[in-house]
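Dear colleague,

Please find below the sequence and the structure that I am handing over to you. My notes on what was found follow directly after.

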Amino acid sequence: MATLGSEEVGSSKYDLNAVWVMLCLIAIGIVNLYSATYLSQGAEAQFWKQQAVWFGIGSIFCGAAYFVHYRVLERFAYFAYAANIFLLIMVLLIGKSVMGAKRWIGFGAFSIQPSEFMKITIAWTLAKFFHDDQYREYYDLKSLMIPILLVLIPVLLVMAQPDLGTAMIIMAVSVSVILFVKVSPRLLITIGLCLAVVLPVAYKFVLKDYQRQRIITFINPQSDPRGKGYNSIQSMIAVGSGQFLGKGYKKGTQSQLNFLPEHHTDFIFSVFSEEHGFLGFLVLLVLYLILLTNSLKIAYGSNDKFGMLFAFGMCSLFFWHVFVNMGMTTGIMPIVGVPLPFMSYGGSFMLACMMAVSILTNIANKKSMF
Amino acid sequence: MIGQNEQLQSFQDRFRYLYGILIVMASILFLRLWYLQILKGEEFNLAAEENRLKKIKLEAPRGMVFDRDRRILLDNHPTFNVVITPQYFRAAPLEAREATISKLSRILNTNSKTIMETLTKARNQPSFQPVAVKKNLSMDEVSLIEMEKLSMPGVEVATGIRRTNVNGLIGSHLLGYIAEVDADELPRVNKSAKRAYSQGDSIGKSGLEMQWENVLRGVDGVEFVEVDAFGRKKQANERSNPGMVFEIPSKPAEPGRNIVLTVDEDLQTTAAEAFQKDNRTGSMVAIDPNNGEVLGMLSWPSFDPAEFSVGIRPEYYKQLISNDDKPLRDKTILDHYQPGSTFKIISSIAGLEEGLINENTVVNAGWTFKFGSHTFHDWKVGGHGPTDVIKSLYRSVDVFYYKLGTHMEIDVLARYARNLGLGTRTGIQLPGEIPGLVPDVAWKRRTQNAEWYPGETLSVMIGQGALTATPVQLANMIATVANGGTIYRPRLVKYIEGQDGSILDKSEPEVIHTAKFSADTLRLVRKGLQLVLEHDNGTAHAHFVPGIEAAGKTGTAQVVKYTADTLNKDCMHMERKYRNNGLFVAYAPVDDPKIAVAVVLEHGCHGTAAAPIAMAVVKKFLQKLDPQKYSDETLKLAREAYWKKRAASIRAQQSSEE
C-alpha cells in the first residue's frame, strides 16, 4: 500500500483532533470536578484547582515532548521502562500509605503515582520490543517469554501496592498490544484452558477478601446493599436518576449529599450523568469515540511498527479506561479502581493521559524524520 | 525476511476488527445508559429522593374527651424531654462528649451507662433524628439543662405531648389508656387500621381510648428534611446554592376529634369517694332510663393511666398486677356476678305477667321451704310470716320466690331475664364486654349434657345458681323497670366534635327491645321497690334518704358455696375473699325516673352495704338536676320531718301495745 500515511503527507495539515477532544474533555472534567466537590470540606474542595494546575503542568511537559520526534522515544524505551520499574519499587519502599495502599511517592509539594505512568511505559516498551523483533506470522509462548516478563514485573509490583485496577489496566493494555501482533491460536487455546483452571484457584487463594467481595457484589449488588454492594447501587441510582436531561449542574443529590462514594475519582462519571443526564452522556461518549477512532486512525496511518504499536497501545489505554469505568459505574462490570480519562481527579493520571495524547499527536504528525 | 511495509500492511488488516469492537462496546454502553436513565429513570429518581429526603413525623395530639358538662377528662399536656441529636453530638471532640454525658447523668440522676445505651440503641436511625434520653422532665431538670446547654453539644430540651387524665383515678377504666403500639402487634393492628401505625406511635389500649381510637387519633403531620449519606441534616447555610434544596411542603399535624361524653364527672367523683372510704372494691353504673345515656361508670380500685402513656414504671405495674382486687380490670363490663336478690325484680315480674301470682297472692313464709328431698332456707331465721308480692320485694322474702319457683318454667323465667337485658351484651361501646349468663334447659343440655332439675329454678328465682350478670346489665335492667320496659343500648358518647367545634356525629337513643308489661305489674313491683327504702322494715331502709323518692333492691350473692362451717358464721368475721358480694340497684325519682344505678360491692357481705354508694350517686345527680328541690336544706327538713313522724309512730305503737 503506497498510500501509507497518505493523508497529504508533508502537507501543512496537522491532525490535532486528539488535542481538541482532550481540551474539551479536560474543560468538562474540571467544571464537573468543581461540582463533584462543591459541598466538600477541606482539601477536597480545592481539587478542581489542583486538577487545573496539573493540566498546566501537563501542557508544558507534553507541549515540550511534542517537539521530540517519537523515533527518539523509541531509543529510550527500555530506559523509561527501567526508570518506571525503579519508581514502582521505590513506592513500595518509601511510598506514602493512604488507606492501606502505597501508591504515591512524594516530591516536595507534589506526589506522583508511578503506576499511572507505567500504563504508558508498558505500551512504549512492548512497541519497542515488537518493533525490534523479527517478523513472525504468530507469536508462540517461547517468542513471547520476554514480553510476558516485561509485563509481569510491573503488574506484580502494582498489585503489591495493592492497586488491582491499575494492574488490570497495565495487563489489558499489554494483552491488547500482544494480541494485536498476533498470538498463535494454539497458545490462545492453551491460555484459555489454563485460565479456566487457574482462575477458581486464584479466586480462592490469591485474591484478598475485599477483592473477592467485589466480585460477589458485582454479580449480585443486592446481596449486601448497605455494605459492599452499596457503592454499585448508589452509583446506578445516581446515573439512572439523571434521566434524560439530568438534575442540573451542582444539583446531583446523590453526589452532593455523599451517597455516591469516591465521587471525585472513580465515580466521577456518575456525578456527570446524574447532573447532565443521558444527553450529557451522549456528549461524553461522542468525545471519547472521536478520541478512540482518531487514535485508531493514527495507529493505522503510522509509518513504522513502533509508531503503530505505540499509538495502538495508547488507543487501548483510553479504550479500557473509558469502558471499564463507565461499565463499573453503571453496574455492568465489577467495581475496580479505574478512573475516567480527563474527568477523574488525579494528577499522575491526568499527566499520563495528556502524555498519551501528546504521543498520538506526535505519531500522527511526524511521519518521517526531518 | 518480509519488509516492514508488508508487515505494517498485515497489521492494518486487523483494524476493521478494532472498529468493530469499538462499535460493539459503545452500543453496550449506549443501551445500558438508555436502560438506566430513560427506561428506569423514574424509578432511580425515586430511589435518589428516598435517599436524601427523610420524613420527620409531627405528632398529632389526640382528641380531647369531655364530660356531659364539657369538663375536660382527657387532655394533652406539653411535656419536656431531653434529647441528644447524634449529628451534633458526634461532631464534638471525645472529651467534650464524655463531659456532656457525665454532666447530663448528674442532672438527670442516672448513670452515664444508661444514656450511652440509649444512644447506642438509636445508632441505626439517621443522625439528625434526636434520641430521647429522658421523657417527662421536671421543671428543675429543664432549667438545669437549659443552663448547661451550651457546654453540652447535641443536648436539647424538646417538647412532646403527654396524654393527661385530668382527674386521675376516677375514670381510668372508662377512659382507658394509651401506650406505644407493641412491635409484635403492629401487623395485626395495621390490618384493620384506617391509617397505618409505625413503631413509636401511641394507640388506645383500653376503654374509650381503644374503642374510639379512630376518632381520637389525629393525623400526624410530616416534615421533610434533606439529609446526606451520614444522616446529617443539611443546614441552609451549609449550602449557598438555594436552587439545590428541593422544597417539599410540610404537612401540619391534624389533631384528633373531640368526644363529649354522657358521663357526669361529679357522679364519678361521688362514687369514687364512696368506694375509697373503707377501701372498698366494686363498681357503679348509672344510666338515664329515658335514653340509655350512661351517667356514671366506675370501677374500683383504680389505676393511674398517665403511667402508661409515658412508659409504666415496673414497680407500679407489679403492684397493680399482684393486687387481688385487680385494679386494672373494668369490673363494670368485664366481671359478672350472681345478681342475688336483685333478680327478684325479674322473678316477680315473670310471676305477675304469667298470672302465677297477683296482688292478692299471699304466701305464709317460714324459715325453710322443702322441695323434694332438699330444704331451702330463707335468709331470715324464723321466716317472714304472711307475704304478698310487695312485701316479698321489700323484705326480700326468699320463700315467696321458692314457692313461686315451683310453678315457674325455667325457660319462661329466662325469657323475662333476657327481655330485661340479661344474658346478652348490652352493646355498650367499650371493648371486651362480657354477656353474663341466663341458664335454661337448652343451656344445661348444651354445656353439661344434663336435664334441668326443677329445684335449680328455685335457686335462679332468688338470683343464684348459674345466673350471672354484669353491673352494666343490672343498671340497664333497673333502668328498664324504671321506664316501663324499654331497653336502651347504653351510650357513653353524646357527640363527636371537630376541632372547629362543629358537631360531627351526635348519638341518638337506640332501643334494643321493648317489653310490654301490664300496668299492674309495674305498679306492684315499683311499689315493692320503693318500700325497700321507705318501709321501716325495708332491707335498705337504713339508707333511706328522706326527701328523695327512690326505689331500689338489695342483693346478696355468695362468693363460695356455704359449708356447715360458713353457713352460720357472721359474714364480717369471715376471710375477706369468702365474704358475700353486696348488690344494690335503684332508680329515682319514683314518679319520673331520671337515673337508674347499679352498685356491686365485692365482699360487701350484704346488699345493704352497697346501698349508700348508690344513694350518694342518686343524691348527687338529683341535686344537680333540681338544686332547689334537693338542696341540702330541703333534705335536712325532710329528714327532721321523717324522724318526727317516725318517733310519733313508734310512740303510738308502744302505747297501743300497752
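Ile487(B) counts as buried because 25 other C-beta atoms lie within 10 Å; a residue is called buried if 20 or more other C-beta atoms lie within 10 Å of its own, exposed if 12 or fewer, and partly exposed in between, with C-beta atoms placed from the backbone. Please note that this is a predicted model, in which local features need pLDDT of at least 70 and side-chain atom pairs count only at pLDDT 80 or more, while totals for chains, interfaces and linings use all residues. Residues are numbered from 1 along each chain as its sequence is written, and chains are lettered from A and ligands numbered from 1 in the order in which they are written.

Ile487(B) belongs to strand β16 (residues 486-488) of chain B. Helices (H or I, at least four residues) and strands (E, at least two) are DSSP runs, numbered from the N terminus. Leaving aside residues up to four places away in sequence, Ile487(B) touches Gly421(B), Asn476(B), Thr480(B), Ile512(B) and His513(B); two residues are in contact if their C-beta atoms, placed from the backbone, lie within 7 Å. Ile487(B) and Gly292(B) are 195 residues apart in sequence, yet their C-alpha atoms are 7.8 Å apart in space.

**Helix α18 of chain B**

Gly421(B), one of the residues touched by Ile487(B), follows α18(B) and has a positive phi, near 95 degrees. The helix itself spans residues 410-419, and its buried residues are Ile410(B), Leu413(B), Ala414(B), Tyr416(B), Ala417(B) and Asn419(B). Their cover includes α15 (344-353), α19 (441-448), α20 (454-461) and β19 (511-514) of chain B.

**Chain B as a whole**

Chain B contains 25 helices and 22 strands. Of its 658 residues, 42% count as buried. Among contacts in chain B between residues at least 6 apart in sequence, 76% join residues at least 24 apart.

The average pLDDT of chain B is 87, and 94% of the residues score at least 70; pLDDT is the predictor's confidence in each residue, from 0 to 100. Over residues 236-245 of chain B the pLDDT is below 50, and this stretch has 10 contacts in the model beyond near neighbours in sequence.

**Where the two chains meet**

The predictor assigns the complex an ipTM of 0.91 and a pTM of 0.68. The contact between the chains takes 38 residues from chain A and 38 residues from chain B. On the side of chain A that touches chain B, at least two residues each are supplied by α10 (230-241), α11 (253-256), α12 (268-300) and α13 (305-329) of chain A. The largest share, nine residues, comes from α12(A). By class, this side of chain A has 23 nonpolar, 11 polar and four charged residues. Here Ala, Val, Leu, Ile, Met, Phe, Trp, Tyr, Cys and Pro count as nonpolar, Asp, Glu, Lys and Arg as charged, and the others, Gly among them, as polar.

**A sheet in chain A**

In chain A, three strands form an open, antiparallel sheet in the order β1-β2-β3. Its edge strands, each pairing on one side only, are β1 (96-98) and β3 (110-112) of chain A. Three bridges join β1(A) to the antiparallel strand β2 (residues 101-107) of chain A; strands are said to pair if DSSP finds at least two bridges between them. Lys96(A) has Trp104(A), in β2(A), as its bridge partner.

**Backbone geometry to inspect**

Most residues other than glycine have a negative phi, and most peptide bonds are trans. The following places depart from that pattern.

- Gln161(A) and Pro162(A) are joined by a cis peptide bond, with omega about -5 degrees; Pro162(A) sits in the loop between α6 (145-159) and α7 (164-180) of chain A.
- The peptide bond from Ala588(B) to Pro589(B) is also cis, with omega near -15 degrees, and Pro589(B) is in the loop between β21 (581-588) and β22 (595-602) of chain B.
- Lys182(A), in the loop between α7 and α8 (185-205) of chain A, has a positive phi near 80 degrees. Lys182(A) counts as partly exposed because it has 15 C-beta neighbours inside 10 Å.
- His603(B), in the loop between β22 and α24 (607-625) of chain B, has a positive phi near 55 degrees. With 20 C-beta neighbours inside 10 Å, His603(B) counts as buried.

With kind regards
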